[in-house]
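I opened my notebook to look up charged pairs, the ligand site and ring pairs. Here is the structure I worked from.

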Amino acid sequence: MNAALLDVKSVSKSFGGVQANQNVSMQVPEGRITGLIGPNGSGKTTLFNSIVGYHPIDGGSIRFEDREISKLRVQQIARLGLLRTFQQTRIYSKMDCVKNMLISVPHRNATFSDMFKPYPPDLTEKAEHLLEFVGLYQKRHLVSGDLSFGQQKLLEFAMALMNEPRVLLLDEPTAGINPTLINGLIDRLKLANTEFGITLFVIEHNMRVIMNLADSIYCLAHGELLAHGSPDEIQGDQRVIDAYLGAH
Ligand code: ADP
Ligand code: MG
């Protein structure tokens with residue numbers, strides 16, 4: 001099953017005079033883990049924002065399962081099963097982990113008074129199961145503000161899984177996480193891919209992580225596609241090495 005589930009074709013996006021993405025094409029095959037790297041400011045987050053409908057694109061097309069999605073809104077795209085996580089976590093720090101998990105699932109046809117009703121037990125069970133999956137079961141009743149930054153990122157990952165995404169876009173999942181938690185997170189990402197069948201598209205700054213995780217890697221530089229290949233090909237690509245060296 002290697003058909004491109006997500007097909008980005010010649011996408012361009014500028015902010016005023018800044019050309020954040022120029023003519024970018026990428027394919028994310030179903031059931032795989034695809035990586036996206038590039039120096040700071042090369043347009044990685046902008047591309048993710050375009051894919052999930054955060055802003056309109058200037059040109060090009062974005063297809064998800066052969067359906068053009070570039071004109072859809074964030075909620076419509078999320079409902080198709082295309083979700084993202086953020087570089088900065090977005091959790092409610094005064095709520096406990098289970099509650100954060102429960103409110104991450106949009107309630108269809110929910111009214112204001114529904115907010116005060118108990119959540120269905122099966123949803124709570126699912127939340128606890130996923131908290132166990134990311135290693136936070138023991139901490140499920142702690143307010144999430146008391147978790148370490150790395151644990152908050154694991155919680156955010158579990159919150160995304162609550163929604164059963166088909167494709168999950170992760171923006172620098174290991175940024176700011178202490179090295180001992182990083183290996184655990186990599187294992188969980190791989191398991192989400194193999195066990196739950198979730199297609200992953202991952203922006204990552206840590207080269208060791210992305211080389212270990214991805215089946216194939218795209219590299220952006222100055223908003224344009226610089227290279228695409230297997231981890232080995234990318235690691236040995238002089239243009240990629242130069243782009244990173246030139247950025248420091
Ligand atoms: P990366 O994620 O690779 O670090 P970004 O996509 O965040 O890069 O940024 C690419 C370029 O677009 C940068 O020059 C950045 O300043 C600019 N940019 C991104 N988002 C906005 C925005 N909302 N308004 C103006 N400029 C932006
Ligand atoms: Mg970014």
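This is a predicted model: local features need pLDDT of at least 70, side-chain atom pairs count only at pLDDT 80 or more; totals for chains, interfaces and linings use all residues.

Entry: Is D237 buried or exposed? D237 counts as buried, because its relative accessibility is 14% and the cut-off for buried is under 20%. I then looked for its charged partner. D237 forms a salt bridge with R239, and the closest N and O atoms are 2.8 Å apart. R239 has 47% relative accessibility, so I noted it as partly exposed.

**Entry: other salt bridges.** How many salt bridges are there by the rule I used? I noted a count of nine. I looked up R32 next. R32 pairs with D215, with 3.3 Å between the closest N and O atoms. This pair links distant parts of the chain, 183 residues apart. R32 sits in the loop between β2 (18-29) and β3 (33-37). D215 sits in the loop between α7 (207-213) and β9 (216-221).

K126 was my next stop. K126 forms a salt bridge with E164, the closest N and O atoms being 2.8 Å apart. K126 belongs to helix α4 (residues 121-133), while E164 is in the loop between α5 (149-162) and β7 (167-171), so the bridge ties together parts 38 residues apart in sequence. K126 is partly exposed, with 24% relative accessibility. E164 counts as exposed, because its value is 56% and the cut-off for exposed is over 50%.

I also found a network. E30, E65 and R166 are linked in it by salt bridges.

**Entry: around ligand 1.** Which residues surround ligand 1? I listed F15, V18, A20, P39, N40, G41, S42, G43, K44, T45 and T46. I sorted this shell by type: four residues are nonpolar, six polar and one charged.

Then I checked distances to oxygen atoms of the ligand. A polar side-chain atom of K44 is 2.8 Å from an oxygen atom of ligand 1. G43 has a polar backbone atom 3.0 Å from an oxygen atom of ligand 1. For S42, a backbone N or O atom lies 3.2 Å from an oxygen atom of ligand 1.

How much of ligand 1 does the protein cover, and what is its accessible area on its own? The protein covers 57% of the 560 Å² that ligand 1 has on its own. β2 and α1 (44-51) are the elements that give two or more residues to the shell. α1 gives the most, with three residues.

**Entry: aromatic pairs.** I turned to the rings and counted two aromatic pairs by the rule. F48 and F201 make one pair: their ring centres are 5.1 Å apart and their planes meet at 50°, so I noted the pair as tilted. F48 lies in helix α1 and F201 in strand β8 (residues 199-203), so the pair ties together parts 153 residues apart in sequence. F48 is buried at 0% relative accessibility. F201 is buried too, with a relative accessible area of 0%.

F133 and F196 also form a tilted pair, 5.0 Å centre to centre with 50° between the planes. F133 is in helix α4 and F196 in the loop between α6 (179-195) and β8, so this pair joins parts 63 residues apart in sequence. Is F133 buried or exposed? F133 is buried, at 15% relative accessibility. F196 is partly exposed, with a relative accessible area of 39%.

Technical notes: Residues are numbered from 1 along each chain as its sequence is written. Chains are lettered from A and ligands numbered from 1 in the order in which they are written. Side-chain values use heavy atoms; hydrogens and water are left out. A salt bridge is a side-chain nitrogen of Lys or Arg within 4 Å of a carboxyl oxygen of Asp or Glu. Helices (H or I, at least four residues) and strands (E, at least two) are DSSP runs, numbered from the N terminus. Buried means under 20% relative accessible area, exposed over 50%, partly exposed in between (1.4 Å probe, protein chains only). A residue is near a molecule or strand if one of its heavy atoms lies within 4 Å of it. A polar contact is a pair of N or O atoms within 3.5 Å; within protein, one must be able to donate a hydrogen and the other to accept it, and residues adjacent in sequence count only if both atoms are side-chain atoms. Accessible areas come from the Shrake-Rupley method with a 1.4 Å probe; for residues, only the protein chains shown count as cover. Ala, Val, Leu, Ile, Met, Phe, Trp, Tyr, Cys and Pro count as nonpolar, Asp, Glu, Lys and Arg as charged, and the others, Gly among them, as polar. Rings of Phe, Tyr and Trp (its six-membered ring) pair if their centres lie within 6.5 Å; planes under 30 degrees apart count as stacked, over 60 as edge-to-face and the rest as tilted.
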